[in-house]
Amino acid sequence: MYLDRDRPYEACEVLEDAVREVRELYGANSFEDADVLNHLGEAEVAAGRRQRAAAAFQGARESLSYWQIVNGGGPEVSEAEHLASAPSEQALAARVLDKRLTISEGRNLVKLGEHMKAEALLRRHLAFEEDEHRTEMGGFSLAIVPAIDLLAYVKMNQGTEAGYAESRALYERALAVTEVQVRDDNLQLLRRYENLGMACFRARDWPASQAWFRRADALLKAVGREDDDEDVQRVVRNISQAARMEHEQHLREQQAKLDEKRKAKEKKLRAMGLM
């Protein structure tokens, strides 16, 4: 209720009291404890206290994991196995809570810059979404795109070549899912193009980066956006920056070649005793 009224600090106080009451009734490692701690973590995120949110989510994860060990039906059981084994309502509720907790905890870690820690959680988040949003034709609905984007963002910000490569592949997957679902002039494609442009930029693939940003620019022009439009100006700036970086790289490569030739010439002259 307090969160709905944009009063997160009061929500945190109420939920902290709820944690104490739940532990008196059910114990510290119960499903109920995990549920309240997850709500507390979400309230702390809303209050901007991300370290406290991380502690609440960690406590929720520990309580839920303990409960699942004691009661069975952990998160790795597939949906088909759940249905086949006719799980209890509480076991299904635990699966729903596990999903919510995974998403909340993963997003909070991203905001904290803990990209390596966030990766495993966000892979599980994506697996949950893939399970729930398959289409009859064997593909996926647009509902999985935010999960793909979030994992791609994490991989891009890990700052490794492997991370850049996977980020680009994930953003390409998000684009492929979107292209199947929307028209060519749908502005949902704008985000896909810009994400790929940025992924290529971070990987220092300047020509590919410019190409994706130019597709974004063409889409905006196709739907009637003018040059003074905020989105158009942002995309044009990105094209310009990628082009500048490509030019600077070309100059560095040219200078490296000249330096190599100069060193080779100096070596030859020294061998001849002329230096």
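Contact is taken here as heavy atoms within 4.5 Å. In the predicted model, Lys-155 lies in helix H7 and, leaving aside residues up to four places away in sequence, touches Glu-119, Arg-123, Gly-163, Tyr-164, Glu-166, Ser-167 and Leu-170. Lys-155 has a relative accessibility of 8% and therefore counts as buried.

For Tyr-193, the contacts beyond four places in sequence are Leu-175, Trp-212, Arg-215, Ala-216 and Leu-219.

The number of salt bridges comes to 31. One of these joins the side chains of Asp-149 and Arg-192, with an N to O distance of 2.4 Å. This pair links distant parts of the chain, since Asp-149 belongs to helix H7 and Arg-192 to helix H9, 43 residues apart. Both partners are under the 20% limit for burial: Asp-149 has a relative accessibility of 9% and Arg-192 one of 6%.

In the salt bridge between Glu-44 and Arg-49, the closest N and O atoms are 2.7 Å apart. Glu-44 is buried, at 2% relative accessible area, whereas Arg-49 is partly exposed, at 25%. The salt bridge of Asp-185 with Arg-183 has its closest N and O atoms 3.2 Å apart. Here Asp-185 is partly exposed, with a relative accessible area of 35%, and Arg-183 is exposed, at 61%. Salt bridges also form a network that links Glu-194, Arg-225, Asp-229, Asp-231 and Arg-234.

No disulfides are present in the structure. Cysteines that are buried include Cys-12, at 0% relative accessibility, and Cys-200, with a relative accessible area of 0%.

On the surface, a nonpolar patch is formed by Tyr-66, Ile-69 and Val-70, which together have about 350 Å² of accessible area. Ile-69 is located in helix H3, which spans residues 50-71. With a relative accessible area of 70%, Ile-69 is classed as exposed.

Notes:
Residues numbered from 1 in each chain as written. Predicted model: local features only at pLDDT ≥ 70, side-chain atom pairs only at ≥ 80, totals over all residues. Heavy atoms only, no water. Patch = residues over 30% accessible without salt bridge, like charges linked within 9 Å, V, L, I, M, F, W, Y side chains within 5 Å. Areas by Shrake-Rupley, 256 points an atom, 1.4 Å probe, with all protein chains shown as cover. Salt bridge = Lys/Arg side-chain N within 4 Å of Asp/Glu carboxyl O. Helix = DSSP H or I, 4+ residues; strand = E, 2+ residues; numbered from the N terminus. Buried < 20%, exposed > 50% of the residue type's maximum accessible area, 1.4 Å probe, protein only. Disulfide = S-S within 2.5 Å.
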